[in-house]
Amino acid sequence: MTRERRFRSIIGSPLAPTTRLVLGVIGVVVVLGAYEYYVHHHEQSGGNPRFSPGLGQLWTAFQELTDVNVRTQTVPFWADTTASLSILAKGLGLGILISSVLGILMGVLSTMHAMCAPVVTAIAKIPPTAMIALFMVVFGVTGDAFKVALIVFGISPTLAIGIGLVARAVPKNTIVKAYSLGASTPDVIVKVIIPQIIPQVIEMIRLAVGPAWIYLIAAEYINSSEGIGHGIVLSQRMVRLDHILVYLIWLAILGTAIDAGFHLLSRLVAPWSSTRKDD
Amino acid sequence: MTEVAAAPAVLEARQLGQRYRVRGGHQVIFEDLDLTIAGHQFLSLVGASGCGKSTLLRLVLGSEQPWKGTLRSNGEPITHPDRTRGIVFQKYSLFPYRTVLENVMFGLELAQTYLLQKWLTWPWYRTRYHRRFEDEAMAHLRQVKLHEHADKYPHQLSGGMQQRVAIAQALIMKPRILLMDEPFGALDADTREALQRSIVRAFHDQQTTVFFVTHDLEEALHVGNRLLVLAKDPARPAAGSRIVIDQAITQSAPIDGKETQELLAHIRRAGFAPEPEA
């Protein structure tokens with residue numbers, strides 16, 4: 001009588017989509033449950049309840065934050081969110097524009113690359129958090145300019161180098177083929193190189209959003225009159241841990257939504273790309 | 001008596017030489033190469049791996065510059081790839097982000113419209129150019145029996161189908177020379193045979209000269225009407241390759257015919273395992 005071998009899971013076994021979804025939900029539930037358990041344990045052992053807001057208290061805190069401020073007749077929570085997102089957008093937009101132009105020039109023209117790459121690589125090594133002081137002096141502490149500049153200088157060097165790299169990695173055969181069909185160099189840049197690098201560039205931009213948030217929040221912590229970072233700092237001064245946690249969860253939600261937006265963008269713009277794996 | 005000026009050769013190489021930089025100096029690939037292609041010829045270039053046949057093709061294409069000598073097409077020196085010399089590579093032959101039809105239309109768009117004209121003036125562009133390009137491209141796809149796959153992307157096609165599209169993409173521009181760098185090397189035997197027949201047919205339909213590089217001796221004998229064999233002298237490996245055979249052959253002759261078998265034996269002696277020169 002033969003013994004049946006038990007199925008052993010090997011690396012990379014596929015999962016059915018429903019299984020994947022259920023496991024994901026279980027993951028979130030486990031984390032929330034563990035947190036609730038910690039809260040319960042903390043209160044039982046006599047800790048200050050201010051330092052262990054349970055999920056119910058977090059919900060109440062959210063409702064407080066989204067209440068209309070009687071004096072200004074606005075809801076600071078939404079106003080802060082809009083302010084932060086608009087600065088993020090400006091910083092990302094300007095950064096992407098500068099990086100794309102610089103990156104493509106570096107990728108296509110060897111002379112540009114030889115001249116710019118060492119400098120850009122060196123600047124990329126300066127932690128943008130150290131540059132905060134520079135921008136505060138140059139742009140003044142009030143206003144948006146210093147926050148936007150910080151984001152731009154934070155993401156541009158790495159993004160430019162990345163774009164240059166993928167531009168140079170375009171299969172040379174496609175470029176030569178284009179020339180042999182009558183293309184001029186501008187034709188090659190617009191019709192051959194750019195279309196082939198778009199999926200990877202979208203990926204790199206998606207990865208630059210994380211650091212952009214870091215620089216934004218850091219700038220808002222230091223000196224700002226609005227924005228999510230500002231809201232967090234206010235809550236910290238009033239020692240409202242529940243407010244802080246609500247802001248953090250909100251940042252997680254915003255970040256995930258932005259990520260999903262990029263995923264959708266990639267699917268729309270480059271359906272032919274093989275960099276999209278099933279995630 | 002009036003002298004009739006000879007028409008400039010489709011390809012003329014004089015004393016052509018190429019070398020690459022290697023550790024400790026240079027490696028000469030070939031030197032003092034002379035070659036003339038006068039008219040509507042299907043030239044098969046064979047040689048062992050590393051003999052320089054792909055190098056010669058790249059020099060003719062213009063994607064590489066020679067070390068010595070001159071290379072002219074129609075009297076004009078070759079400096080960079082252009083419309084007069086089409087190319088079909090072994091890999092990465094098509095633009096992956098364009099459909100089959102758009103791939104074949106690519107050259108037409110470049111020739112007859114300016115950059116971004118499609119984006120800036122779409123309504124006029126569509127009626128004036130786009131429909132015409134589509135019709136012409138479809139006609140070429142019909143000739144290679146791929147018209148049903150016009151809206152597919154290259155990655156959805158098999159290797160043989162991709163190469164057929166690449167050939168249509170190159171031929172639609174009516175180049176003076178069609179260069180082919182081991183185009184069927186990555187395909188299975190049946191597909192290879194079918195494509196060999198189709199390229200010979202296309203050669204007879206259009207007045208293009210074909211410059212076909214391969215390491216497969218039988219393929220070279222089957223498709224070409226002129227055979228070129230490039231080989232190194234084993235006694236002097238540093239001297240680079242020379243053309244050891246340059247003769248007319250019968251296109252599409254049966255492989256097991258006596259003539260072809262004798263030729264094969266001769267080539268194998270002279271080209272692939274030559275005797276050291278006395």
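This is a predicted model: local features need pLDDT of at least 70, side-chain atom pairs count only at pLDDT 80 or more; totals for chains, interfaces and linings use all residues.

## Chain A: the overall fold

Let's begin with what chain A is built from. How does its radius of gyration compare with the globule rule? The value for chain A is 24 Å, well over the 19 Å that the rule gives for 279 residues, so the chain is more spread out than a compact globule.

If you boxed in the C-alpha atoms of chain A along the principal axes, you'd need roughly 85 × 75 × 35 Å. Of the contacts in chain A with a separation of 6 or more, 63% link residues 24 or more positions apart.

Buried residues account for 38% of the 279 in chain A. The accessible surface of this chain is about 16400 Å², and 68% of that belongs to carbon and sulfur atoms.

As for charge, chain A carries 20 positive and 15 negative side chains. The centres of those two sets sit 13 Å apart.

## Chain B: helix 1

Now over to chain B, where helix 1 covers residues 53-61. Is this helix enclosed or open? Since 8 of its 9 residues are buried, helix 1 of chain B is largely enclosed by the rest of the structure. The buried ones are Lys53(B), Ser54(B), Thr55(B), Leu56(B), Leu57(B), Leu59(B), Val60(B) and Leu61(B).

Just after this helix comes Gly62(B), which takes a positive phi of about 100 degrees.

Note on methods
Residues are numbered from 1 along each chain as its sequence is written. Chains are lettered from A and ligands numbered from 1 in the order in which they are written. Side-chain values use heavy atoms; hydrogens and water are left out. Buried means under 20% relative accessible area, exposed over 50%, partly exposed in between (1.4 Å probe, protein chains only). Helices (H or I, at least four residues) and strands (E, at least two) are DSSP runs, numbered from the N terminus. The radius of gyration is taken over C-alpha atoms; the globule rule is 2.2 Å times the number of residues to the power 0.38. Contact means heavy atoms within 4.5 Å. Accessible areas come from the Shrake-Rupley method with a 1.4 Å probe; for residues, only the protein chains shown count as cover. Lys and Arg count as positive and Asp and Glu as negative; His and the chain ends are not counted. The place of a charge is taken as NZ of Lys, CZ of Arg, CG of Asp or CD of Glu.
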